[in-house]
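We will go stop by stop.

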Amino acid sequence: MRLGEVVRLAVDEELDSRRVLASLFNAAHGVMEANRLDHVFIEVNPRHVAFYRRALCFDVESEERLCPRVGAPSLLLRMRVANLTSKIGQLEKALVDFPLD
């Protein structure tokens, strides 16, 4: 099994974060495929977990912990790269249309 981690992702509040996120995941997908990764991990603030679970099908892989880099709570999420591959063509539209409320 080959694993990868997307790290240190932050988006300026003045930008449409969903479009930026779609572009970043599209680019990251190319890296995942080129390196033949099976799973990808991200660490997110607990308040963002529902978004990543519903919009991108991530699964929760850890209990909440304090992230020492930012001094905030975090959870580790995991997604199969094959799941991202199956939806990469519709990713930007799905994220842009995803309600933030």
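Start by selecting R69 and E43. These two form a salt bridge, with their closest N and O atoms 3.1 Å apart. R69 lies in the loop between strand 4 (65–67) and strand 5 (72–80), and E43 lies in strand 2, so the pair ties together parts that are 26 residues apart in sequence. Now show the surface. R69 is partly exposed, with a relative accessible area of 48%. E43 is also partly exposed, at 31%. Remember that this is a predicted model.

How many salt bridges does the structure hold? There are 3. Side chains of opposite charge can pair when their charged atoms come close.

Next, select R78 and D59. Their side chains meet in a salt bridge, 3.6 Å from N to O. R78 sits in strand 5 and D59 in strand 3 (residues 59–60), so this pair ties together parts that are 19 residues apart in sequence.

E61 is in the loop between strand 3 and strand 4, while R78 is in strand 5, so the pair joins parts 17 residues apart in sequence. Show D59, E61 and R78 together: salt bridges link them in a network.

Is R78 buried or exposed? R78 is buried, because its relative accessible area is 18%, and buried means under 20%.

Move to helix 1, residues 17–34. Helix 1 has 18 residues and reaches 26 Å from its first C-alpha to its last. That is close to the 26 Å expected at 1.5 Å a residue. Color R18, L21, A22, F25, A28, H29 and M32, the buried residues of helix 1. They cover an arc of only 135 degrees around the axis, which puts them on the same side of helix 1.

Step just past helix 1 to R36. R36 takes a positive phi of about 50 degrees. Its place is the loop between helix 1 and strand 2 (39–44). R36 counts as exposed, at 62% relative accessibility.

Last stop: the cysteines. Select C57, which is partly exposed at 33%. Then select C67, which is buried at 4%. The disulfide count comes to 0.

Definitions and conventions: Residues numbered from 1 in each chain as written. Predicted model: local features only at pLDDT ≥ 70, side-chain atom pairs only at ≥ 80, totals over all residues. Heavy atoms only, no water. Helix = DSSP H or I, 4+ residues; strand = E, 2+ residues; numbered from the N terminus. Buried < 20%, exposed > 50% of the residue type's maximum accessible area, 1.4 Å probe, protein only. Disulfide = S-S within 2.5 Å. Expected span 1.5 Å × (residues − 1). Arc of directions from axis to C-beta. Salt bridge = Lys/Arg side-chain N within 4 Å of Asp/Glu carboxyl O.
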